[in-house]
Amino acid sequence: MIKVKEHCGVFASMGEGSVHIVYEGLKLLQHRGEESAGISFLNGENLATIKGLGLVDEAIGDKIGNVFSNVSIGHVRYSTTGKTTIDEAQPLSNDKISIAFNGTITNYFQFGNFSTDTEFILNFMAKYSDPLEGLSNFMASADGAYSMVIMWKDGRIFAVRDPHGFRPLVLGRINNNLVISSEDSAIIQMGGKVIRDVKPGEVVVFENDSFLSYQLQRQDIAVCSFEYIYFSRSDTSIDGYPVYDARIRLGEVLAEKHPANAQIVVPVPDSARPIALGFSRKTGIPIEEGLVRTLNSKRSFILPSDRSRVLTLEEKFGVVSSAIKGKDIALIDDSIVRGNTMRRIIQLLRRAGAEKIHVRIGSPMIRYPCYMGIDFPRRDQLIAFEKDESKIAKSIGADSVKYLTKDEMVEAIGRKDLCVACFTGKYPLKGNYNLGKLEVTFRR
Ligand code: SF4
C-alpha cells in the first residue's frame with residue numbers, strides 16, 4: 001500500500017536510440033515517482049532537456065517522437081524537497097551538466113541558499129573541470145542518500161551511488177547500449193542484461209560506449225530497508241538480494257513470531273501481497289483477495305493535505321464482501337505511517353461484514369523521521385509515536401495489531417547492512433541528529 005511520499009527513479013543510456021530507451025526505462029520506473037518526468041540528451045554539442053508534469057507518458061510522451069541522441073539521462077520524480085512545479089522537475093541542467101537525482105542531501109543548506117538539493121549538486125559540480133575531482137569532493141562533503149546520473153557536455157555519463165548505498169542503482173546493457181537504472185527489473189523487462197549493481201561509493205563512467213569504474217569512498221553500507229519492504233518492484237533485486245524473496249520471508253517471520261487466530265489472510269494491495277503470501281504459506285490460512293485496489297483511484301500520498309488524503313481512500317479500495325463476510329481476518333500490510341489508510345480499510349471491512357480483524361505488519365513501528373529522502377510526516381504525526389501495539393489497535397479499530405521487531409525484519413530480509421533509522425532513531429549519516437527537537441545539526 002502506498003502511504004508515504006516516494007522518492008525518485010533515474011535511468012541513463014549511451015548508444016543508438018538512447019532517448020527512447022530512457023523513455024521506456026522511465027515508464028518501468030513509474031512507481032518511483034508520478035509527479036513529473038524528464039529526459040536530457042546531447043544535442044550536437046549542447047545539452048537539451050524535455051520535461052513535464054505528471055506520468056511519463058503525459059509529461060513527455062508526445063515530445064520525444066523525433067528526438068534522437070546517443071547520450072541521454074532521465075528522471076521520474078516525487079518531490080522530497082521543493083514544490084511540484086515544472087522548474088523543480090528533473091533533470092536539472094546548466095550549460096555544462098545535467099543531473100537526474102534520487103535521494104536527499106541532508107546538509108545542502110549548509111552550502112548556500114539553494115531551493116533544492118539538486119540545485120546544490122548542480123552548482124557544486126559546475127565548479128569543477130574534472131568531474132571525478134568534483135564527485136570525490138562532493139562525496140566527502142555531502143551528507144545523505146543519493147543515487148544519480150550526471151551527463152557532462154563532453155558526452156560522458158557519470159552514475160554515482162552514495163557511500164552508504166541507501167538507494168539502488170544498477171548497470172546493464174540493452175542491445176548495444178550501456179544503461180543505468182534505479183532498479184534492475186526495468187532493464188530485464190526491456191530485454192536487457194544486468195551487468196552488476198553500482199557499488200556504494202562508486203562512480204561508473206560511460207565514455208565512448210565503454211564503462212570505467214572508480215571507487216571514490218568506502219563507508220558502512222546502509223541500504224534503505226524500505227526498498228525491500230515497499231518501494232522497489234517485487235521483481236527487483238538489490239545488490240543480489242531479491243526483493244520478492246525478502247517480502248515472502250517478512251510474511252513467514254511475521255507468521256512465526258506474531259500469528260493470528262484467523263480464518264482468512266487478506267493482503268492490502270499491492271505491495272503487501274508477497275508478505276501476505278508468506279504469512280499464508282507459513283500458517284496454512286488461505287489467502288482471500290478481500291480488497292481490490294481500483295485502477296482509476298488517485299494515489300492518496302500524492303495529495304498534499306491530511307484531509308484530501310482521507311477523502312481519496314474510498315476511491316482506492318473496493319471490498320469483496322462475499323470473501324470476507326462473517327470471517328475472522330489476518331489483515332496484512334507492509335507498514336503503517338499515520339494510520340489513516342488502515343483505519344479506513346478496517347471501517348470498510350467491518351461495514352462489509354468482517355468479524356475479527358487482526359492487523360499484522362511486515363515491518364517494525366515507524367517512530368522516527370527519515371533524513372535520507374523518504375518523506376515521512378513529522379514525528380508526532382506517526383501513529384507509532386508514543387503508542388504501543390494495543391493503543392494503535394484501538395486507534396485504528398482493529399482487534400489486534402502486531403509488528404515485526406527490527407531484528408525479525410533484518411533476519412527476514414537476509415542482509416545486515418540495512419538502514420533501520422526510522423525504526424530505531426540511529427542514523428548512519430555523518431551529521432548529528434537531535435531527534436527530540438526534530439532539528440538537524442552537523443559536526444562540520
Ligand atoms: S530512515 Fe527508514 S526510510 Fe529512511 S533510508 Fe533509513 S530505512 Fe529507509
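Let me start with a term: a crossing is called left-handed if the near helix is turned anticlockwise from the far one by less than a right angle, and right-handed if clockwise. What you see is a predicted model, in which local features need pLDDT of at least 70 and side-chain atom pairs count only at pLDDT 80 or more, while totals for chains, interfaces and linings use all residues. Residues are numbered from 1 along each chain as its sequence is written, and side-chain values use heavy atoms, with hydrogens and water left out.

Helices here are DSSP runs of H or I, at least four residues long, numbered from the N terminus. Helix 7, residues 243-257, passes helix 14, residues 406-413, in a right-handed crossing. Their axes, lines fitted to C-alpha atoms over the stretch in contact, come within 8 Å and cross at roughly 135 degrees, on a scale from 0 to 180 degrees between N-to-C directions. That makes helix 7 oblique to helix 14, since angles under 35 degrees count as roughly parallel, over 145 as roughly antiparallel, 65 to 115 as roughly perpendicular and the rest as oblique.

Taking contact to mean heavy atoms within 4.5 Å, Ala 246, Arg 249, Leu 250, Val 253 and Lys 257 in helix 7 meet Glu 408, Met 409, Glu 411, Ala 412 and Ile 413 in helix 14.

Now to the second pair: helix 3, residues 117-126, and helix 4, residues 131-141, pack at an angle of about 130 degrees with their axes 9 Å apart, and are therefore oblique to each other. The crossing of helix 3 and helix 4 is right-handed.

Note on methods
Helices (H or I, at least four residues) and strands (E, at least two) are DSSP runs, numbered from the N terminus.
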